[in-house]
Amino acid sequence: MGLSKKNKHPILSNDFVPYLNNDIGQLFSVEAALDSVIPWINYVCPLKNQKILIFGTGGGGTAVACALNINDGIIYGVDISKWAIETTTKRAKKYDVLKKMQLYHLTSTYPLPFKDNFFDIAIVADVIEHIVDERSKYVKNIFNKLKKEGLLIITGTPNLLYPKDIHTTGLYFIPWLPKKMAYKYAIYRGKWEKGKNLDYAGRRGITYWHLLKWLKGFNYQIINKKRCFSSNYLKNHNRINTRKRKYLFPFYLFLEIFLSKIFNVPIVAFLPYINHLFIKKNNIIGTGSVVLSDIEVSGTYFGNPIKIEN
């Protein structure tokens, strides 16, 4: 499948499209991350010279976008999908950033094969909704791998407060229904293919309060609860750039101030997606995990081997 003029990419050519399973929507994932993810991270913490964990690389959009902005930092990307790691590797080569990345195809991403207190930033983008077993253990394990003052970033996960499944089927109540009932209902409505795993596809997201429960026992702060955190970003980064956004922004600003001041809750807790949620680790308090002298990976490694040290 070739690229039309409309889909012409400045770096990727026709030979890359098959690696995306002919999904043209994935073609510009790096550019999308450069526009929507990277500015948010730099708003909170500069990416330059950081050790960054990408938990779930997918096709490599976020990983490569970060690699383009880290200077002398390094990206560690993990995924249980061989396709994801191979595609991320090929994309990184095209953007000439593979030398800044270590990519691992793991048989399991729990527990992570890295020392505790190792990463400056951990990014979990469009991932949690696809975890079908106990999600809390993954989040806790990731948090243990962060250094003191490290930053956990959750983004792209559907908010379970909303009854409509906007991630997989487009049907109402799918996120709230029991597993078997949701599957049968989606097939009955002709919105899902029999035999495919609806939960693995991401039909059920999380809430902000799930994360608070999972991180109980850790010392951390939610950066998003700062006064006008999101509103200031939107204003200072030219995001109020349509008539609709200009009309709605005063209400958004009022709501953010009200929720933060009265209920001590960030506005992201009530939006359709848990996007750009920043959780800063204050002290090294956690459930603990095995400390490894080097990376021990159950799976396949892609990249330039580098010994891990404190």
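Modeller: A residue is called buried if its relative accessible area is under 20%, and exposed if that area is over 50%, with partly exposed in between. Please note that the model is predicted.

Biologist: What makes Phe278 buried or exposed?

Modeller: The relative accessible area of Phe278 is 0%. The limit for buried is under 20%, so Phe278 is buried.

Biologist: Which term applies to Phe229, and why?

Modeller: Phe229 has 5% relative accessibility and therefore counts as buried.

Biologist: How many aromatic pairs are there?

Modeller: The count comes to 24 aromatic pairs. One of them joins Tyr208 and Trp209, with 5.3 Å centre to centre and 85° between the planes. Centres must lie within 6.5 Å, and planes over 60 degrees apart count as edge-to-face; the pair is edge-to-face.

Biologist: Why is the pair of Phe229 and Phe278 called edge-to-face?

Modeller: The ring centres of Phe229 and Phe278 are 5.9 Å apart and the planes stand at 65°, so the name applies. Phe229 belongs to helix α9 and Phe278 to strand β9, so the pair ties together parts that are 49 residues apart in sequence. Both residues also belong to one aromatic cluster with Trp40, Tyr43 and Tyr233.

Biologist: Why is Trp209 called partly exposed?

Modeller: Trp209 has a relative accessible area of 37%. Tyr208, at 3%, is buried.

Methods
Residues numbered from 1 in each chain as written. Predicted model: local features only at pLDDT ≥ 70, side-chain atom pairs only at ≥ 80, totals over all residues. Heavy atoms only, no water. Phe/Tyr/Trp six-rings, centres within 6.5 Å; stacked < 30°, edge-to-face > 60°. Buried < 20%, exposed > 50% of the residue type's maximum accessible area, 1.4 Å probe, protein only. Helix = DSSP H or I, 4+ residues; strand = E, 2+ residues; numbered from the N terminus.
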